[in-house]
Amino acid sequence: MAGMVTAVLSGGGVKTAAQLGALEVLAEHGLVPTRYVGTSMGAVVAAVLAGGLSLDETIRRLGSIGRERVAAIDRTAFVKGIFARSFLKGGLLRETLGQLLPVPRFADLLLPLSVVATDLDTGDLVVFGAGGEDAPLADVLAASCALPVFYPAVELGGRRLADGGLRAVLALETAARFPADHVAAIDVGPGFDSEPSRDRSLPALLSAHDDAQHILMASNTALQVALWRATPGRAPLLYLRPRVHRGETFAIERVEEYREEGRRAAREMVANGFLT
């Protein structure tokens, strides 16, 4: 299998390690991405790969991040209460993402990458990189990962930007802008088939917010996949859905577990004849 291959990587925090396992198996069968489209942490994974790092080095970098680097609690939120901007420190997240990247700019990437974020004032899906606007790569990724109420919005280009998953956990409509022979969408985001959480340690109010957002995002992804399949003339869609658990966004200790789950999902697709 050859030609132009667009890899669409969903958000999902640590669960995006499954995308690396899936991409490893797909590459063994000739399906190697020539373009990436990413949302939230899937965009981070895509940026590292598009910057030229190997799958093994990417998983090593992901696994080396301490939870305190991406999920540091902003203690002032307890004082400010409902007037706090966020529960976690967004500045530290941006710094950590910058350290993950092999290059600082979209122009330095070896493969084209499109990253989506959401304009909180207009509701627009904003595309950066290939087919969209230019800005420092770490700033764009921080915006695409800025999930309310966990992280504050990122001010970029005079706009308040937040997680691309508010509009497109799996950015298939962005992928549709580009010619492709195959589109491989690896979805580790919210879904109605998600396994129950193994860690329900969130405070009750954050947990309620998380539950509601999960339902809305799962609905959006289901509609995006259905729309792609119902639209004539679009490239064949290889939709991979590794088994994921609700929550576990910051479960760094499960990186290898999710990588293996990505391999399993891709091997199952191969066994079912979808790559022949």
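Me: What makes the radius of gyration of the protein chain agree with a compact globule?
Reply: With 276 residues, a compact globule would come out near 19 Å, and the protein chain has 17 Å, so the two agree. The radius is taken over C-alpha atoms, and the globule rule is 2.2 Å times the number of residues to the power 0.38. By the way, this is a predicted model, where local features need pLDDT of at least 70, side-chain atom pairs count only at pLDDT 80 or more, and totals for chains, interfaces and linings use all residues. Residues are numbered from 1 along each chain as its sequence is written, and side-chain values use heavy atoms, leaving out hydrogens and water.

Me: Why is S40 called buried?
Reply: Buried means under 20% relative accessible area (exposed is over 50%, partly exposed in between; 1.4 Å probe, protein chains only). S40 has 8% relative accessibility, so S40 counts as buried.

Me: What makes the phi of S40 worth a look?
Reply: Phi of S40 is positive, about 55°, although S40 is not a glycine. Most residues other than glycine have a negative phi. E248 also isn't glycine, and its phi is positive, near 60°.

Me: Where does S40 lie?
Reply: S40 sits in helix 2, residues 40-50. Helices (H or I, at least four residues) and strands (E, at least two) are DSSP runs, numbered from the N terminus.

Me: What makes the peptide bond from P148 to V149 cis?
Reply: Its omega is near 0°.
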